[in-house]
Amino acid sequence: MKKLLLFLLLIPLAFAASWHELAALAVMVSAALLGVVYMIGFGFGINELQMMAREEFFQLIVLAVLVAVLTGSDSILNSISTLEPLKPGAADMQDATLDILQENREQVEGLLDDIASYDKQVSKQASKSSQCNLMSMGYSVSGCGGFSILAPPLSMAGGITAFALAELSAMERLVELASSYALALLLPIGILLRTFKITRGGGGFLIALGISLHLMLPIGIIFNEMLAETFQDSSEDHIDEYPPDGVSADIPECNPGDTKAPHLAVEIVTLGLGSLTDLGDSNEDQATSAYLNLRRSIRSHLFTILIKATLGPIIALLMMTSSIRALTHLAGAEVDVSAISRFI
Amino acid sequence: MVEAMICTPDFQAFFDATILPLVAAASVVTGFLIAFSYMLGNLLNNPKLTVWAKTEVLQVFISVASVFFIFIAINTFCAINMGEVASFFTGVETQHDLNVYDAAGEYLAESALYSHNALTVIRYHLQAYTIYAYLNAFLCDFEFLGIGLGCWYGYSGKYEQPLGGYGAINAALNMVFNSTLIAHFSALNFLFILLFVYKGFVFIFLPMGVFLRSMPYMRSFGSLLIAVALSFLIVYPLMLSIYYLMGDVLVDRPDSPHCLSCSDPCPHCYTPSTALSDKFLHCQGESCEKVFDDWASAGIIQSIGTMLVQSFTFGQVTTEDTMDSMYFPDGEHPKDAITFGAYAFIAAVFMPTAALLATIASVSYIARLYGEEINLSRITQLV
């Protein structure tokens with residue numbers, strides 16, 4: 001009997017083609033359920049039931065208005081996010097977001113490949129030592145020790161880059177979820193659950209999660225991308241070579257038996273990122289040269305790593321969690337999602 | 001409490017034979033106390049006592065009605081087929097016929113397995129790269145026909161670690177490994193909370209709640225107990241069962257359209273029993289946990305032999321290609337492993353935590369319906 005009732009209630013949803021229809025039908029099913037509650041209250045003369053049905057019906061009207069606002073906002077934001085300056089080929093806001101994330105992800109993966117490649121070369125040079133031993137007499141020289149100082153910063157760079165990559169991947173997964181389920185599943189189920197007092201908290205949360213995933217998360221990513229693009233465009237006129245073009249660092253071969261003294265340290269200190277030709281050819285000079293090359297190479301990716309891949313997802317997640325909190329408050333049962341914000 | 005899981009006949013027997021009598025006993029005891037207070041109020045001509053008794057009669061009725069509502073909700077949840085619900089909303093038929101409670105447990109089990117798979121893939125890379133990095137080579141001077149003449153009469157040459165440079169990628173994988181470990185433990189933690197609910201512990205809150213709600217100064221505590229039971233029996237499983245419907249994307253079910261369209265390599269769509277073992281980890285038998293043992297016992301001798309043969313045949317120590325042929329014959333995927341870890345975090349930490357937060361918020365909301373304000377913000381901070 002219960003299964004039959006559920007089937008009868010949900011059967012209109014099976015004919016719904018889009019999320020708009022699903023949401024409208026969910027509102028209608030909720031209204032029908034409230035009508036049944038009101039009739040029971042009327043039939044048995046239970047004023048409390050009638051009052052509850054009236055109150056919930058008012059909540060349903062508010063929710064219907066919210067869905068209408070969502071429909072309008074969705075259309076406007078889709079139009080904005082697929083305009084010429086951003087992603088003209090994208091079908092909607094979620095597609096544009098996925099394109100942005102994919103581009104950033106490719107850049108971050110490229111940097112991780114570069115860092116791994118530099119690390120391999122640097123560590124190989126740093127591990128070298130020379131030994132000469134005849135009849136238990138001889139010497140051992142570690143002439144490439146200067147290269148070992150390059151490994152810790154490279155490890156740190158690897159960790160930071162992996163964090164950025166993980167963040168972008170997590171964002172991609174959330175946007176995929178939004179595309180597939182936010183409005184097709186979370187919103188209608190949320191509307192249905194919100195009809196009952198006991199499940200109002202859960203229903204309100206599902207509605208808030210669906211809307212926030214669908215709207216606020218992509219908006220946050222697109223908003224950050226717009227800021228980053230604008231900054232990049234404006235900085236080209238005012239800052240020389242910022243962000244600098246990607247350059248590949250050259251890690252020279254080290255001779256572990258070479259113990260020549262390094263070139264004058266004063267010259268190394270005064271070196272900028274420009275000419276590196278003043279360095280000598282000792283192992284220490286080679287290590288310094290490699291360090292300066294690496295600094296220049298990795299610096300060219302900082303903008304992507306810090307602004308696009310780290311700050312962008314943080315802003316998007318903060319917007320999403322703030323939106324969930326505000327919408328759950330609006331839905332009548334505020335969910336404190338600050339714990340989720342701590343993940344950021 | 002009970003061996004049987006919720007929705008089983010044994011559990012029904014436990015509910016009928018233990019919980020309902022306890023609720024009835026609590027209601028009767030409370031009723032007696034209220035009646036005694038009423039009589040005492042009349043005897044002493046104390047209107048405070050009589051008014052209190054009248055108020056509490058209504059509260060006992062509300063408490064018992066709540067228990068009755070829980071009973072109906074559980075039966076309904078046991079009857080709902082989440083596969084049919086999924087087909088209504090998404091148009092996609094699911095293979096399994098699961099009720100709400102089973103679907104919730106299934107999602108957490110899947111997310112625990114998913115995060116475990118991520119851990120396995122990341123650990124495998126870490127393990128391989130660590131072994132790579134610790135390989136040492138001694139290159140003799142004056143090489144002649146692949147043999148260093150510098151070592152014939154003495155010991156002249158260069159030491160180096162030809163594959164020592166995996167610090168950066170190991171740091172990257174270590175960071176993701178730690179987060180995935182937390183994700184796996186979180187999934188298990190959420191699963192244990194669910195089992196705690198399913199095994200009937202939370203039902204003990206009901207008779208206690210019925211009794212305590214009508215006792216002086218204990219209304220808040222009693223309301224909290226009933227609200228906890230209601231939220232964790234209705235809201236928490238319901239949230240997780242809805243996540244189960246999103247499992248094709250959330251936990252990359254291998255037979256889902258999402259995974260079938262994923263181009264190879266796609267490690268996050270692998271499962272230990274099939275593709276993972278065949279394509280990626282080369283583990284034998286039932287469990288991929290044997291990977292390291294197999295390598296340590298048999299593979300190490302084979303690999304040393306390979307290195308020695310290479311060394312003498314080609315006049316060089318083992319190369320990265322040689323090692324890759326042993327560890328990653330289909331290619332290494334550190335970036336996919338990082339991505340896998342990130343996906344596991346969403347499936348096993350982000351979404352279940354959101355469900356738990358909604359449940360805790362629901363406790364406050366339901367307690368408010370009983371007329372009590374309970375501040376659970378401190379509890380929320382612990383999540």
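The following conversation concerns a predicted model with chains A and B.

Student: How many residues does the contact take from chain A and from chain B?
Tutor: The contact involves 73 residues of chain A and 69 residues of chain B.

Student: And what area do the two chains bury between them?
Tutor: Chain A and chain B bury about 6100 Å² between them, and 71% of that area lies on carbon and sulfur atoms.

Student: How many salt bridges does the rule find across the interface?
Tutor: Two salt bridges are found across the interface of chain A and chain B. In a salt bridge, the side chain of D113(A) meets that of K335(B), at 2.8 Å from N to O.

Student: How many residue pairs are in polar contact there?
Tutor: Eight residue pairs are in polar contact across the interface, with both residues at pLDDT 80 or more.

Student: Which elements of chain A supply the side that touches chain B?
Tutor: Those supplying at least two residues each include the helices α1 (2-14), α4 (93-126) and α5 (151-194), as well as the strand β1 (129-134). Of the elements of chain A, α5(A) gives the most to this side, with 24 residues.

Student: Changing topic, which residues form the nonpolar patch on the surface?
Tutor: The patch consists of V36(A), M39(A), I40(A), F44(A) and I46(A), which together have about 490 Å² of accessible area.

Student: Where is I46(A) placed?
Tutor: I46(A) is in the loop between α2 (19-44) and α3 (47-81) of chain A.

Student: Why does I46(A) count as partly exposed?
Tutor: I46(A) counts as partly exposed because its relative accessibility is 33%, which falls between the limits of 20% for buried and 50% for exposed.

How values were computed. Residues numbered from 1 in each chain as written. Chains lettered and ligands numbered in written order. Predicted model: local features only at pLDDT ≥ 70, side-chain atom pairs only at ≥ 80, totals over all residues. Heavy atoms only, no water. Patch = residues over 30% accessible without salt bridge, like charges linked within 9 Å, V, L, I, M, F, W, Y side chains within 5 Å. Areas by Shrake-Rupley, 256 points an atom, 1.4 Å probe, with all protein chains shown as cover. Salt bridge = Lys/Arg side-chain N within 4 Å of Asp/Glu carboxyl O. Helix = DSSP H or I, 4+ residues; strand = E, 2+ residues; numbered from the N terminus. Buried < 20%, exposed > 50% of the residue type's maximum accessible area, 1.4 Å probe, protein only. Contact = heavy atoms within 4.5 Å. Buried area = accessible area lost by both parts, 1.4 Å probe. Polar contact = N/O pair within 3.5 Å; in protein donor to acceptor, adjacent residues only side chain to side chain.
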